[in-house]
Amino acid sequence: MKPILIVDDEAAIAQLIAMTLARMGYTCQMAFDGLKAAELLEKNEYDLVLLDIMLPGADGYELIDFIRPTGIPVIFISAKTTVADRVKGLHLGACDYIVKPFAPEELLARVENVLRLSGRGQALLKAGDVTVDVATRQVKKAGQEVALTPTEYHLLLVLLHNKNIALYRDTLYERVWGRDAELDTRTLDIHIHRLRKKLGWQHMIRTIPRVGYRLEETS
Amino acid sequence: MKLAPKLVLTILLLLGVLLAAGGGWLTKTDFERNFDQARTQNTLAHRRDTYSLQNGLLAKVNDGMLSSQAVVDYGESLGRYVGQQQGGFAVYQNGEALYSSLPGTLGQEAAQRAIDAGEEALLLQKAGQDSYMMMASEVQAAGEEYWLVSAYDVTGVFQAREAKFRELFRLELAALALAGAAAALAVSWMIRPLKKLEKASQAVAAGDYTLSTATKSRDEVGALSRSFDAMTATVRDKVDQMEDTILRQKQFVSAFTHELKTPMTSILGYSDLLRSGEMDPEDQRQAVQYIHREALRLETLSGKLMQLMGLVEQEELTLEPVRLALVLRDTAASLPELAPMLEIQCDPALTVLADRDLLADLVRNLVINAARAQPKDGRVHITAGRTEEGIVLRVADRGRGIPEADLPHITEPFYMVDKSRARAQNGSGMGLALCARIARLHGSELRFTSRLGQGTVVELNLREGTV
């Protein structure tokens, strides 16, 4: 897979995006101004460009004109939130438009979507012999379809998005059940238990004492 | 009813009444003159006839007697002589007509009335279409009393009057029509500025303040249109000002939210990463670092913003005489890390009218900017001196300079010539906005001169004060 190019003049935000994507196994390169980005685009090939609009050197609108002929999909990431700005970005040929501030999960979901739709990313999420087809929501273990409830499916996705990372129980719970749900980690434990049983993942989903759970995949 | 028809109708009404009265009076006097003339003439004719009847009858008296036949004969001969086109006459005795050449339409009664009216009394008698003047006189012959009744046709006099009236009426109609047209033209010309004014006020009501009535006339309408123009000009200025203020507020808010969003994104994003699961220690350290730095940035931003807001609300400062050297010492003391760069030239005796803290703040911001421009000689020069326009304070550096295109904007809040460099140096984009506001509160203005690669000079005039 080719790397993803992140263009943002704010090092903090470029780094944040890179860190978020790195967890999913994407490799990223960063450019902090328009000219540097153009230079990198000349030299290297990318699967996706995440583009800020207000940039020193050449701004995002100029850069997208430069990128369009190469066919590399572009997602705008901007603090410009008005409908007019977003429509302009999409009209210029961006595949999506993410508004700052964004949640890492949202960024990830949108990046995956664009990659999948442009046929560049993985159509399937994998861990061990389990594959998940995000487009059809089909989960298979060793080629055999496994039926999951929506909550179990959601939980599985969060685990797959954070492979080999120990996830805190309360954050994990919030991600799946939502911010407004009353914290009840017993429910989380029950669902983890069911997932382990359905997927035969007794050893893949590790319980980390006083932290939470981790999906382990040694590749 | 509209003003124009009102005026025209009023004019026509007045004119009509005047013309009618004048014409009527003229016709009346004219008629009276004619009538009197006819009367005098007819009276003379009547007397002549009376006299000739008297004479004629006396000549016919035979033996002290006068036969009726004689009277008739005489009448006929007189009638032939006088002619009967203009009326006629009759001779009466004891209420009996002995002879009559009076027009048939007049009849007995008319003659009798003339006799009853008395000697030479004028009697006007209408008979059909014609009018007659009738007079009667007594004639005595041979002890008998006769009456001569004459009738004179005065139809012409009356007809002339009527003709005159008709003529007058036609004349008046023509005059009114002409006058009406002229008045309508004149009135419409006079109220043309009013129409313009109406159009302009409709335009103003619809929000268009650009129309001017521009009337040259010196009358009241002209004065009205001029004051209307003055009014719209004032309103236009006010509206422009308000729109300008709203635009600037909008720009400010949008710049402000944009400025907020960047640190927010970092803080939210990194904290979310931190709380979701364990990270490798290096990433974790970096995330915490970023959160802290961005939070500091927000803090600086909010501090500066609060100060600017406070200064914007403040209309006037109480300025006190203060020694400039002391202000510059305050500035230097607040910037210990930049102190070695400062090169201050200031006469210790110079005293200015200022708010000591705010002026020190202004100089401080200018010094920070100068230092960030990375001067080639590593110096920031602060000089103060007396000129004709008061005391001039100058902060100069030989740093990278400001691009010409950016110069007009640098005092706008959140404006940054080089955003990423300003961020890296913890700039908020508020410094010069604050400086400009403080300068204005001192009744002054910041003057920037800058050349790329050569450096920047900022000057500020201050009023001299006495201790």
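1. Strand 11 (residues 205-208) and strand 12 (residues 212-215) of chain A run antiparallel and share 4 bridges; two strands count as paired if DSSP finds at least two bridges between them. The two strands form a hairpin with 3 residues between them, and A:Arg210 in the turn has a positive phi of about 60°. Helices (H or I, at least four residues) and strands (E, at least two) are DSSP runs, numbered from the N terminus.

2. Before going on, please keep in mind that this is a predicted model, in which local features need pLDDT of at least 70 and side-chain atom pairs count only at pLDDT 80 or more, while totals for chains, interfaces and linings use all residues. Residues are numbered from 1 along each chain as its sequence is written, and chains are lettered from A and ligands numbered from 1 in the order in which they are written.

3. Some backbone details in chain A deserve a look. Most residues other than glycine have a negative phi, and most peptide bonds are trans. A:Arg137, in the loop between strand 7 (130-133) and strand 8 (138-141) of chain A, has a positive phi of about 60° although it is not a glycine. A:Arg137 is exposed, with 11 other C-beta atoms within 10 Å. Here a residue is buried if 20 or more other C-beta atoms lie within 10 Å of its own, exposed if 12 or fewer, and partly exposed in between, with C-beta atoms placed from the backbone.

4. A:Asn164 is not a glycine either, and has a positive phi of about 65°. You will find A:Asn164 in the loop between helix 6 and strand 10 of chain A, where it is partly exposed, with 15 C-beta neighbours inside 10 Å. There is also a cis peptide bond, from A:Lys100 to A:Pro101, with omega near -5°. A:Pro101 lies in the loop between strand 5 (96-99) and helix 5 (104-117) of chain A.

5. How do the two chains meet? Contact involves 24 residues of chain A and 23 residues of chain B, where a contact means C-beta atoms, placed from the backbone, within 7 Å. Helix 1 (11-23) of chain A gives the largest share of the chain A side, 6 residues. Helix 1 of chain A packs on helix 6 (residues 220-276) of chain B at an angle of about 30°, with the axes 9 Å apart. That makes the two helices roughly parallel, a term for angles under 35 degrees. Axes are lines fitted to C-alpha atoms, for helices over the stretch in contact, and angles run from 0 to 180 degrees between N-to-C directions. Residues making this contact include A:Ile13 and A:Leu16 from helix 1 of chain A, and B:Gly269 and B:Tyr270 from helix 6 of chain B.

6. Buried residues make up 27% of its 467 residues. Among contacts in chain B between residues at least 6 apart in sequence, 65% join residues at least 24 apart.

7. Chain B also holds an open sheet of 5 strands in the order 7-9-10-12-11, with mixed pairing. Its edge strands are strand 7 (342-345) and strand 11 (446-451) of chain B, each pairing on one side only. Neighbouring strands of this sheet are turned by 15° against each other on average, direction ignored. Strand 11 of chain B pairs with strand 12 (residues 455-462) of chain B in the antiparallel sense over 6 bridges, and B:Arg451 stands opposite B:Gly455 in strand 12 of chain B. Helix 9 (residues 356-372) of chain B packs on the sheet, and its direction makes about 25° with that of strand 10 of chain B.

Technical notes:
Two residues are in contact if their C-beta atoms, placed from the backbone, lie within 7 Å. Angles under 35 degrees count as roughly parallel, over 145 as roughly antiparallel, 65 to 115 as roughly perpendicular and the rest as oblique.
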